[in-house]
Every structure is written in C-alpha cells, then in structure tokens.
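I set down here what I looked up in this model, entry by entry. The sequence and the coordinates come first.

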Amino acid sequence: MTGPILLTLALASVTTLILMALSLPLAWWLATTRSRIKPVIEAVTALPLILPPTVLGFYLLLLMAPASPLGGFWLEVTGTTLAFSFTGLVVASVIYSLPFAVQPLQAAFERVGPDMMEAAASLRARPLDAFLTVALPLSARGALTAAVLSFAHTVGEFGVILMVGGNIEGRTRTISIAVWEHVESLEYAQAHALSAGLLVFAFVTLFAVYALGRGRKLHVR
Amino acid sequence: MSADLVLDLTHRRGDFTLSVEVSRPAMGVTGIFGPSGAGKTTLLRLIAGFDRPDRGRIVFDGEDWTGLPPSRRPVGTVFQAPRLFPHLSVRGNLDYAVKRAAAGGPGFADVVEALDLAPLLDRRTHTLSGGEAQRVALGRALMTAPRLLLLDEPLAALDAERKAAILPYLGSALKRFAIPALYVSHSIDEMVRLADRIMVLRDGRVAAFGPAAAVIEGLDPAPGEGFEAGVIVEAAVADRPNAYGLSRLDLAGQALTVPGLDGVSEGAVVRLRIRARDVAIATQRPEGLSIRNVIEVRLLERRDRGVHADLLLDAGGPHLRARITRESADALSLVEGQTVFALIKTVSLEGLV
C-alpha cells in the first residue's frame, strides 16, 4: 500500500517544483503586462479548470504517443515512451494543475502594484532585483497558497492520470488510481484506508490555505 | 553642486500635452508650481524614467538620461505617499537604498541625524505616522546618493500640523546635503519656505521660471489657481522685541513691526510674505488707525480685472502687491506713478534667510 503513496508524493513534489518555476514568471507577466494577448494566455492557462480530465488526458495521450512529433522525439532521445511513464505523468500534472499555481500568484502580484515597484526602481533596484526583493516577499502568502494548491491538486487528480499513465504498479499507480483498483476488486478495506487518508489530507491542506489567508496582513501605505 | 539640466520634452496623454523646454543649471531647490492637471507630476515621472516621453530628451550634467531605465538614473524620488516597503523595518528600508547606492552620497549616519530618524529605526513601517513615514522616505531617497532629488508633493497627504512638523526637517536637509532638487507642490507656503527658484506650469507649458520672489510677485492672481497673490520680501531685524513682543524690521529704510521674533538677533534677515488682499491703500498717511504697518510706496502698475484692481507698488526697492475693489481705486483716483500709502494688515513670517 505504501507504493502508491510514495509515488503520489513524488509526483506531487516534482510537479509543484516545476509549476512554481514556470508560474512565477508567467504570473508576473500576466500581472504586469499591457499586452493585448493577455486574455488569450489567461484563458489557455485556466482551461484545465473547466475541461473534463478525460478530454485533457485524451489530447495529452495523443501528444505523447510515439507516433506524434513530441512523443517520437522523446522516444528517440530517451529510448522510452512518454505515455505510460512517470515523466509523462509529471508533464500532464504540470498542465493540469497550472491554474492552481498561476492564479493565486497573479492575484498576489497584482496586489503589489506598480507603486512599490517604482519605489524599488527609484532606489536603484534593477527589475530582477526588485522582483526578488520586493514583489516576491510581498507575495509570499500567494506563493505559499500556489504551492500548497498545486501539490494538493496533483495528489487528487485521477482522470488525466488514468488516460496518460494507465495503471502500472510502481510507475503510474497513484493513490487515486489505487483506490479505484481496490474498489474494482471489491477490496473495500484497502480502499477505505487510502480514501480516508486522502480525505484527511485534503481537509488539512484546505484548512492550512484558509488559515494562511486569515493571517496578519502587511500594511501597504 | 551644480550641473546643467536640459529638458526638452513632449508627452501626450489623451487631450493633455506636456511640452517643456528648459536648460538651466540645476542647483538649490526649484519649485514646480501650478494648478492640478498642469503636468507637474508627469514632468517628474518623465525625469525619473517611470514614463517615457513621446519625443525629446533629458540631459543632466552632459549625460543623456533619455534612454536609461529608472534604476540607472542617479535620481532620488520622494512620492506623494511614502511607499515604504511594508515587509521591511525602517532600518531595512534605509538599508535597501544604502546597499544599492552610488558612491559619494551622504552617509547613513548623516541622514539619520539630519532627519532625526534614530528613534524610528527599529519600528515597523505601518506603525509610523504620516509625517514620520515621509521623513523615512526622504531619508531613503537621500541614501541612494542622488545627484538630483525629485519631490512630488511629499507633504500633500499630511494635515497642517504634521506638515508644519516636517517642513523644518525638509528645509534643513535640502540645505545640508546641497543636492539639487525639483519640488512639486501646489502650496505657495511650501514654495516660499523651500524654493530658491520657481517654475510655473500651466496646461503643460512653462508659464514662468525664475527666482522665487520674482515669480511669486509676477503671478497672476487669477481665480482657480489655488493661490493667494502676494509678494515675498526680505527685511533686516532692526532691534530687539519691545515690551509688547513686537520687533521692528527695516524694509528699505521704512519700519515694519512684526511679532514672533524672540531670540532672533539684530541684523538677521528674515523672509516675509505679504498677501495682496492684506494690503489696503490710503492716499494720505492715515492717523487714528489700528494698523501700525504703513509704508510709503509708489504705484507702479494698476490692472483692473472685473470687480478688483490689482496694484503693484514700489517700496523703494522691494515690491508689494495690493488687491482692492475697482470702485475704491476709482474713488481714490489711483493712477500709475502716484505716491500712496500701503496699509499692511498681516505679515507672515516665513523664516530666516
């Protein structure tokens, strides 16, 4: 039973790290740009919120298949298929959880506002310096929320994983897949143990996010 | 410290166009004065680099700043709101500037002393009063070792009491560190206290630019300027306060009596502001009058506008302005060149020179 749990934790950790690295610049761009393509990017980023996981998983599967350019390229370079692999799951999870990382970050960056960034520039801070020393610390809570939600949402995904990863023990069988497997096999005791664990985890995570949201606010003047 | 500041800028936003072309040595404090919407803040934002002009250039001391991002311009900015970083303490905010400062500016200790920041250093920024926060913001700007200071209505958000408390700090810091400054304000009081020269902006254009006293004297007392026409004059203290607490000043050979000069030594020169509406006119030296300040003057210019007549008066060197009704002016048959007596109801003391 620990196999799926460890696999899920590994998947969620790697996905969260990659998502944060991608979302920081993307959310900053969305929060500060005046570009006309901003709504397009926002819509694409938010797609996973409303698309059925099966639809997303279906297209990702097509994309990762050895016959497709991406899948073929991957097979050529690494010698393994992207579909039905842990790496494939990471790619799928990053896309599927993207809005959960980008949206809290974007909102936090928008709250920082241009005034603070102008103040930083007036004190000789170059843009990257100002981002790291002013925008990021002032958005710390948004960044934490983004990381927690990305992690939790990845732990909780099912449809995309089933489509892209299948159900391969030790490689793609995460907790949610294992629960489904146990129920199919009428092993309700094992299904209960994993499900209850996930329920408690989900509650604790959301409680932490809301408790963070209620914490001491920084006074911007 | 003196360097040429060349501004040749055109910037259009909607219906509004800012068009400024000046080339002056930047030294002392240059007040930028004008009604709201005249382009004062826009001009400062262009110089700081936060906005890019549609056309033109900014050259300071031979260096072209036009294409430089704000972080590369050796400019210190104090905004209308303090904009202190809320995640840092007061000391953290100051250190932020020091770490990135160019060489050769005023040191941490000097600025802390000049602005009396020592008691605030370990405070969180949200516990500061508006005046304290603005003092920290000024200190932070000074610690970047700026070669030009931009002050965008730094006192506008403060009430009169806090304004009065911070003005002396501001004045002495500007003098002490001798960094050329552009000071935007629509308060003539602040201009009089701080500015050596004044640039008047109106509808995006420079309407006047010159020594503070001359510009203020020449200002049109047009309605809606948010301005009270008048003059700035300098007078020497002639003796110690009398038993009534009044001191006599020497204004080009004539006596002016003012209160509130205890502790100011004889011979010191003070700066006074006399509003046009506080000056009345008599054609003969009046007697039996409570007003003690009566100055013999020559009427240089009479300008009638609507119900009022604005008079420019020569007190043997210093000029005065008076605003009386046109009916009074006609009743006294005031004509240019005539000698009259200016009755000064109120003199406000603006500081030592």
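**Entry 1. Domains of chain B**

What distance separates the centres of domain 1 of chain B and domain 2 of chain B, taken over C-alpha atoms? I found 33 Å between these two centres. I note at once that this is a predicted model, in which local features need pLDDT of at least 70 and side-chain atom pairs count only at pLDDT 80 or more, while totals for chains, interfaces and linings use all residues. Residues are numbered from 1 along each chain as its sequence is written, and chains are lettered from A and ligands numbered from 1 in the order in which they are written.

I took the bounds from the domain assignment, which gives domain 1 (3–223) and domain 2 (233–352) of chain B; such bounds come from an automatic or database domain assignment.

**Entry 2. Chain A overall**

I counted 10 helices and 0 strands in chain A. Helices (H or I, at least four residues) and strands (E, at least two) are DSSP runs, numbered from the N terminus. The C-alpha trace of chain A spans about 65 × 40 × 25 Å along its principal axes.

I consulted UniProt, whose unreviewed entry places "domain: ABC transmembrane type-1" at residues 5–211 of chain A. UniProt positions are given in the numbering used here, feature names are shortened, and annotations may be inferred rather than shown by experiment. That span of chain A is 82% helix and 0% strand, with its end C-alpha atoms 26 Å apart.

The unreviewed UniProt entry also places the feature "transmembrane region" at residues 6–31, 43–62, 82–109, 130–152 and 193–213 of chain A. I checked two of these stretches. Residues 6–31 of chain A are 100% helix and 0% strand, and their end C-alpha atoms lie 36 Å apart. Residues 43–62 of chain A are 90% helix and 0% strand, with 22 Å between the end C-alpha atoms.

**Entry 3. Helix α1 against helix α7**

At what angle do the axes of α1 (residues 2–32) and α7 (residues 140–155) of chain A cross? I read roughly 140 degrees, with the axes coming within 8 Å. Axes are lines fitted to C-alpha atoms, for helices over the stretch in contact, and angles run from 0 to 180 degrees between N-to-C directions. That angle makes α1(A) oblique to α7(A); angles under 35 degrees count as roughly parallel, over 145 as roughly antiparallel, 65 to 115 as roughly perpendicular and the rest as oblique.

The crossing of α1(A) and α7(A) is right-handed; a crossing is left-handed if the near helix is turned anticlockwise from the far one by less than a right angle, and right-handed if clockwise. Among the contact residues I noted A:L11, A:T15 and A:L19 of α1(A), and A:A147, A:F151 and A:V155 of α7(A). The contact residues comprise 8 nonpolar, 6 polar and no charged.

**Entry 4. Helix α5 and its partners**

I next examined α3 (residues 53–64) and α5 (residues 86–122) of chain A, which pack at about 135 degrees with their axes 11 Å apart. α3(A) is therefore oblique to α5(A). Their contact is made by A:P53, A:L56, A:G57, A:L60 and A:M64 of α3(A) and A:G88, A:A92, A:I95 and A:Y96 of α5(A). I sorted these residues into 7 nonpolar, 2 polar and no charged.

The axes of α5(A) and α6(A) come within 9 Å and cross at roughly 145 degrees, and this crossing is right-handed. The contact includes A:F109, A:V112 and A:M116 of α5(A) and A:V134 and A:L138 of α6(A). Its residues divide into 10 nonpolar, no polar and no charged.

**Entry 5. Chain A against chain B**

How many residues of chain A are in contact with chain B? I found 17, which meet 22 residues of chain B. The elements giving two or more residues to this side of chain A are α5 and α6 (127–138). α5(A) gives the most, with 6 residues. The side of chain A that touches chain B holds 10 nonpolar, 2 polar and 5 charged residues.

Key:
Contact = placed C-beta atoms within 7 Å. Nonpolar A, V, L, I, M, F, W, Y, C, P; charged D, E, K, R; others polar.
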